[in-house]
Each structure stands twice: as structure tokens, then as C-alpha cells.
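The sequence and structure come before the details.

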Amino acid sequence: MERSHELINLFGYRMSWAQLAWFGHRASGLGVLLFLFLHIVETSTILFGPEVYDFTQTFYANLPAKIGEVLLMAALVYHSLNGLRVIVMDFWPSTTIYYRPLTYGVIAATTIAMVPLGLIILTPYLPWG
Amino acid sequence: MTASTNRRPRTIYSNPSRAARPKPEASGRERFWWIFMRLSGLALVFLALGHMFIMHVLVVLTGDQIDFAFVQSRWGTPFWRIYDLLLLVLAFMHGVNGARIVISDYVAHRTARSLIIGVLLFISAAWLILGIAIIALFDPSAS
């Protein structure tokens with residue numbers, strides 16, 4: 001089904017965009033779940049009062065943490081958009097004929113959305129921000 | 001097969017989205033989780049993206065910051081407490097079930113698979129109870 005010129009090279013694996021979309025959905029989902037575990041532990045410090053909680057929050061106030069925040073948001077945006085595509089195609093199978101444009105659209109929309117979102121999050125922590 | 005028939009995309013009814021798994025044929029537990037993933041996913045698009053947008057975009061743009069006082073004012077209203085509780089429970093069930101499906105795809109040995117999934121569910125249940133306890137126990141009037 002996939003023609004050879006549409007295969008892309010990811011870490012030495014030749015895969016189609018369809019495989020990449022599938023892999024990306026799993027990787028982003030597991031990544032967000034991992035952060036959710038961390039987020040619950042970090043938020044639990046709210047029960048120990050303002051000093052403890054405000055100190056915990058300072059762990060996020062640096063550039064590496066903000067880059068992680070952008071990655072988390074990219075994972076969530078991608079997982080959401082691709083998930084919507086999965087829902088549409090599973091409940092209305094006739095939309096399968098738009099598989100490629102929808103998959104490319106999800107990847108393109110995630111990339112475009114992350115430009116302003118990334119800039120808003122990162123700017124205050126960049127040397128010129 | 002000629003080039004012209006090859007180019008026409010086929011409608012794949014068994015697994016249209018080519019998602020993690022096709023819809024389970026038999027009704028039962030696996031069918032329930034298949035539908036749950038899609039319904040909770042739809043709700044989470046709004047809940048999770050809304051949460052991220054408020055916490056990491058609006059807070060920055062309005063010059064606010066996430067600290068104890070911020071949480072105090074948010075969790076002082078029932079609306080945001082219920083919002084966060086719903087987000088926590090749905091995201092956790094959606095995420096842990098997703099992890100369960102990934103594990104069962106890669107671990108072929110039956111005993112090992114049951115054991116790993118058992119550990120996952122045990123840890124997750126404890127974590128979820130902790131999460132619910134935080135939202136329930138937090139007292140906004142305390143300083």
C-alpha cells in the first residue's frame with residue numbers, strides 16, 4: 001500500500017507516516033502518563049502548606065524544566081488531535097479514504113500549534129526574554 | 001493489480017483508524033474498554049488541553065504564577081475542584097488502560113504479562129487514591 005518514496009527514516013527504521021502516527025500516539029500517551037504520576041506526587045505537597053508547595057514549584061522555574069513543559073504540551077496536543085482522528089475513523093469508517101490527509105494534517109497542526117505555544121512558555125526563560 | 005486500482009484507497013472496516021486495536025467483536029470487558037478509551041478521550045481533549053492552556057499559557061500571559069495562593073483561590077470554588085477531579089480520574093483510567101494495552105502487545109508470556117499488569121494496576125490504584133485524597137483533603141481556608 002505504501003510506496004517506497006513515502007517511507008521515512010527514523011533511527012534507522014524505515015517506516016511509513018502511518019506507522020509513525022501510531023508510534024507517536026503510544027509514545028506521547030506513555031509520556032503524559034509518566035508525567036501524571038510525577039504531577040500527583042508534586043501536587044501532594046500542597047497539603048503541607050505554602051512554604052513546602054511554593055518551594056516545590058521552584059523546580060519548574062528554569063529553562064530545562066520549561067523545555068520539558070513544551071514537550072509535554074506537544075505530546076498532549078498530538079495525542080489529542082490524533083485521538084480525535086481515531087475516534088472519527090473508528091465510528092465513521094467511510095472516512096478511511098482520508099487517512100493520509102488526516103494523518104498529515106494532525107502532524108502539521110501539532111507542529112504549527114507548538115510554535116506560538118512554545119514561544120509563550122519559553123520566552124521568559126531565554127537569555128533575551 | 002493495475003496501478004489505477006492500487007491508487008484507490010480502500011475502506012478498512014475491521015480497524016478503520018489503524019489505532020492500537022480493532023473494536024473487539026464480542027461484547028464484554030474488552031469492548032467496554034475500547035469504547036471507554038474513545039469516550040474518555042473525547043472528554044479529555046477538552047479537560048486536559050483546557051487545563052494545560054489555563055496553567056501554562058493564560059497564567060503566563062496574565063503575569064500570574066502557580067503558587068499556594070493560586071491553588072487556594074482555584075480550589076476554593078467547587079467548579080474547579082470537580083473539573084480537576086474529573087480530569088484526574090479520567091486521565092488516569094485512560095492512561096493506565098493504554099499502558100495495559102501496550103504491555104499486553106509486547107509481553108507474550110502469559111504469567112509475566114499478568115504479573116506486570118497486576119503490579120501496574122496495584123501501583124496505579126494507590127496513586128489514584130492519593131490524587132483524589134489531595135483534591136478532597138485540601139482546605140482552602142488554611143494558610
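Of the 143 residues in chain B, 13% are buried. The model is a predicted one, and its scores are ipTM 0.88 and pTM 0.88.

**The two chains**

Chain B contains five helices and zero strands, in the order α-α-α-α-α along the sequence. Chain A has four helices and two strands, and its order along the sequence is β-β-α-α-α-α. The table sets out two values for each chain.

| Chain | Buried residues | Share of contacts (residues at least 6 apart in sequence) that join residues at least 24 apart |
|---|---|---|
| Chain A | 22% of 129 residues | 63% |
| Chain B | 13% of 143 residues | 61% |

The C-alpha trace of chain A spans about 60 × 35 × 25 Å along its principal axes.

**Confidence in chain B**

The average pLDDT of chain B is 88, and 88% of its residues score at least 70. Within chain B, confidence is lowest in helix α1 (residues 3-7), with a mean of 52, and highest in α5(B), with 96. Where pLDDT is low, the predicted coordinates should not be read in detail.

**The interface**

How many residues of chain A are in contact with chain B? The contact involves 37 residues of chain A and 37 residues of chain B. On the chain A side, α1 (17-44), α2 (50-57), α3 (63-91) and α4 (99-122) each supply at least two residues. The largest share of that side, 12 residues, comes from α1(A). By type, the residues on the chain A side are 24 nonpolar, eight polar and five charged.

**Helix α1 of chain A**

The 28 residues of α1(A) should span 40 Å at 1.5 Å a residue, and the end C-alpha atoms of α1(A) are 40 Å apart, which agrees. The buried residues in α1(A) are Ala21(A), His25(A), Ser28(A), Gly29(A), Val32(A) and Leu36(A). Their cover includes α3 and α4 of chain A, together with α4 of chain B.

**Helix α5 of chain B**

Helix α5(B) covers residues 110-137, which is 28 residues, and reaches 40 Å from its first C-alpha to its last, close to the 40 Å expected at 1.5 Å a residue. Ser124(B), Gly131(B) and Ile134(B) are buried in α5(B). What covers the buried residues of α5(B) includes α1 of chain A and α4 (78-106) of chain B.

**The largest nonpolar core**

Which residues touch the most other members of the largest nonpolar core? In this core of 19 residues they are Leu76(A), Val77(A), Ala91(B) and Phe92(B). Two or more residues of the core come from each of α1, α3 and α4 of chain A, and from each of α2 (29-61) and α4 of chain B. The largest share, six residues, comes from α3(A). In soluble globular proteins, nonpolar side chains tend to be buried together.

Leaving aside residues up to four places away in sequence, Phe92(B) touches Leu36(A), Ser124(B), Leu128(B) and Gly131(B).

**Two single residues**

Is Ser80(A) buried or exposed? Ser80(A) lies in helix α3 of chain A. It has 21 other C-beta atoms within 10 Å, and the cut-off for a buried residue is 20 or more, so Ser80(A) is buried. Leaving aside residues up to four places away in sequence, Ser80(A) touches Val45(B) and Leu49(B). Ser80(A) and Val106(A) are 26 residues apart in sequence, and their C-alpha atoms are 9.3 Å apart in space.

Pro78(B) lies in helix α4 of chain B. With 8 other C-beta atoms within 10 Å, where 12 or fewer count as exposed, Pro78(B) is therefore exposed. Pro78(B) and His56(B) are 22 residues apart in sequence and 22 Å apart in space, C-alpha to C-alpha.

How values were computed:
Residues are numbered from 1 along each chain as its sequence is written. Chains are lettered from A and ligands numbered from 1 in the order in which they are written. This is a predicted model: local features need pLDDT of at least 70, side-chain atom pairs count only at pLDDT 80 or more; totals for chains, interfaces and linings use all residues. Two residues are in contact if their C-beta atoms, placed from the backbone, lie within 7 Å. Ala, Val, Leu, Ile, Met, Phe, Trp, Tyr, Cys and Pro count as nonpolar, Asp, Glu, Lys and Arg as charged, and the others, Gly among them, as polar. The expected span of a helix is 1.5 Å times one less than its number of residues. pLDDT is the predictor's confidence in each residue, from 0 to 100. A nonpolar core is a set of buried Ala, Val, Leu, Ile, Met, Phe, Trp, Tyr and Cys residues joined through C-beta atoms within 7 Å.
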